[in-house]
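Hi,

Here is the structure I promised to pass on to you.

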Amino acid sequence: MNTTPKKILILSANPTDTNKLRLDEEAREILAGLQRSRSRDKFEMITRWAVHPDDLRRALLDHSPQIVHFSGHGEGSLGLALENHTGQTQLVSTESLARLFKLFKDKVECVLLNACYSQEQAEAIYQHIDCVIGMNQAIGDRTAIEFAVGFYDALGADRSYEEAYEFGCSAIDLEGINESSIPVLKSRLNELNSRQQGQALSSRAIDKNRGVVLENPSGQVPLDSSFYIERPPIEADCYEIILSEGALIRIKAPKQMGKTSLMTRILDYAKRQGYQTANLNFQSVDAELLTNLDLFLQWFCASVSDELKKPDKLGDYWKGVLGSKNKCTNYFGRYLLPEMNNSIVLALDEVDEIFKHPTIAADFFGLLRTWHERSKNDEAWRQLRLVIVHSQEVYIPLKINQSPFNVGFAIELPELNFAQVHSLAQRHGLHWSDEQISELMNLLSGNPYLLRIAMYQIARKRMTLSDLKQVAPTESGPYSDHLRRHLRNLEDDSQLLAAVKIVMTADAPVNLASVEAFKLRSMGLIKFQGNQIKPTCDLYRLYFRESLKIN
């Protein structure tokens with residue numbers, strides 16, 4: 001019988017240029033739980049503080065631990081935040097961590113990365129270590145501590161790593177913290193069990209070779225999905241800004257770039273901080289309401305009330321000689337805001353629909369700007385946070401001091417970069433070479449929607465990467481509906497159609513009139529290279545050259 005205790009190596013780093021974390025409390029609580037457990041003699045806990053990259057390597061060599069626990073800050077695709085010799089942040093890349101743990105694959109049994117945005121590192125390390133836990137988004141101090149204590153309490157009671165993970169998540173729930181979906185487990189044992197059970201899921205499919213649970217890539221990415229790829233520091237910045245009094249966040253990007261998925265995560269984060277949230281999608285507005293400001297603002301107030309689960313009190317506030325904007329302002333300022341016990345985060349999705357109605361748009365967006373300005377001096381209005389989501393440039397004539405589109409915190413979602421596409425492929429069970437990733441990005445660029453469709457099809461073995469390259473720009477490919485929809489929209493606008501022909505014909509970036517250029521960009525068909533324009537990707541170039549018979 002092996003009586004040698006398992007070594008738990010606790011590595012902590014809290015650089016001086018990052019937010020202060022309660023790392024000492026986490027280590028103290030873990031040790032206290034192990035010492036009171038019935039299997040306390042089976043574990044030896046070793047702690048290292050203010051860890052530098054060299055310390056990480058040396059600690060693994062010196063102690064040969066079975067369990068490695070990192071506490072600190074994560075920066076998503078940029079890596080984990082260790083400390084340099086002046087105590088400031090030194091990022092250690094995902095690739096470096098994976099390479100390091102590969103050298104200890106015969107010794108290390110489990111790695112726990114108790115740090116924000118560490119899922120990408122967890123998945124990379126999982127190539128070599130059988131059980132790895134990371135965090136799929138920002139995680140609060142209290143949540144991190146509760147998870148760690150629950151995890152090690154279970155190990156101290158002779159539970160498996162997989163069971164300990166569940167106990168950690170349960171510990172978060174028992175404290176009434178709505179963050180138990182943040183820790184993500186990657187386990188060879190769980191994969192084996194999933195394959196043996198042969199689970200059949202209606203909206204999901206299991207890759208039988210790898211045990212990867214796939215999701216049909218349509219619409220926004222669910223909150224609990226492992227296929228949402230963060231684009232640091234965007235998510236962290238949004239989570240920080242939304243906690244500010246009177247915050248206004250503007251999210252802009254071409255269609256199907258992940259705007260609504262990001263908005264949903266901001267709302268979820270705010271809700272977990274105890275805020276009230278309301279989400280309005282302007283595509284749901286009836287057409288007749290967009291022809292009359294008074295009716296539109298009544299719809300707006302009633303819809304927000306419904307989202308907040310508050311009674312409709314339009315009858316109390318929509319009377320008298322005051323104008324519609326004053327009535328709407330009073331409805332919020334005298335009813336909705338005072339009624340709530342905490343701040344309200346109001347998300348306005350697809351506001352492009354309002355751009356089509358300039359008269360309504362000028363008054364409505366001017367009203368939002370007024371509310372934002374009032375939050376600087378009025379206590380009640382400080383409780384209102386706004387998130388505005390749109391695809392198009394703002395062409396409606398708004399006075400500079402009456403527009404919400406030149407204030408607040410602006411986010412323009414970029415395409416996924418090479419490392420992020422690589423991570424997305426791994427989450428689909430596709431362990432591709434750099435050359436294969438490059439081939440796919442040449443065809444689809446970094447559009448997350450197009451990439452997910454491709455990877456879903458390939459992971460389900462419906463086609464190979466080579467097959468995809470052949471059929472993608474054709475009517476028999478997986479993008480046929482997507483491409484035809486773009487073609488129909490272009491055929492309804494002769495100026496846009498002419499502009500597309502110019503861009504798709506050219507072998508080098510071209511100049512276009514700004515209105516056409518920005519409209520095509522909002523559709524996701526082109527991108528800027530300096531002040532010039534080129535197709536977003538080969539998919540669009542090849543399809544439109546053939547469909548429009550461009551030589």
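**Notes on the loops and the overall fold**

Lys 309 is found in the loop that runs between α10 (293-307) and α11 (314-317). Please keep in mind that the whole model is predicted. The phi angle of Lys 309 is near 60°, a positive value in a residue other than glycine. Is this residue, Lys 309, buried or exposed? Its relative accessible area is 75%, and because anything over 50% counts as exposed, Lys 309 is exposed.

Another lysine with a positive phi is Lys 461, where the angle is near 65°. Lys 461 sits in the loop between α17 (448-459) and α18 (465-471).

Pro 233 belongs to the loop between β10 (212-215) and α8 (234-241).

Then there is Asn 136, in the loop between β7 (131-135) and α5 (141-156). Asn 136 has a relative accessibility of 14%, so it counts as buried. Which residues does Asn 136 contact, leaving aside its neighbours within four places in sequence? They are Gln 119, Ser 181, Ile 182, Val 184 and Glu 230. With Ser 181 there is a polar contact: the side chain of Asn 136 reaches the backbone oxygen of Ser 181 at 3.1 Å.

Pro 53 is placed in helix α2 (residues 53-63). At 25% relative accessibility, Pro 53 counts as partly exposed. Beyond its neighbours within four places in sequence, Pro 53 is in contact with Leu 82, Glu 83, Gln 90 and Val 92. Val 92 is 39 residues away from Pro 53 along the chain, yet their C-alpha atoms are separated by 7.2 Å.

Now for the chain as a whole. The protein chain has 22 helices and 17 strands. For 551 residues, a compact globule would have a radius of gyration near 24 Å, and the 26 Å of this chain agrees with that. The C-alpha trace spans about 80 × 65 × 50 Å along its principal axes. Of the 551 residues, 54% count as buried. Among contacts between residues at least 6 apart in sequence, 69% join residues at least 24 apart.

The accessible surface comes to about 24,900 Å², and 46% of it belongs to carbon and sulfur atoms. As for charge, the chain has 63 positive and 70 negative side chains, with the centres of the two sets 2 Å apart.

Best wishes

Key
Residues are numbered from 1 along each chain as its sequence is written. Side-chain values use heavy atoms; hydrogens and water are left out. Helices (H or I, at least four residues) and strands (E, at least two) are DSSP runs, numbered from the N terminus. The radius of gyration is taken over C-alpha atoms; the globule rule is 2.2 Å times the number of residues to the power 0.38. Buried means under 20% relative accessible area, exposed over 50%, partly exposed in between (1.4 Å probe, protein chains only). Contact means heavy atoms within 4.5 Å. Accessible areas come from the Shrake-Rupley method with a 1.4 Å probe; for residues, only the protein chains shown count as cover. Lys and Arg count as positive and Asp and Glu as negative; His and the chain ends are not counted. The place of a charge is taken as NZ of Lys, CZ of Arg, CG of Asp or CD of Glu. A polar contact is a pair of N or O atoms within 3.5 Å; within protein, one must be able to donate a hydrogen and the other to accept it, and residues adjacent in sequence count only if both atoms are side-chain atoms.
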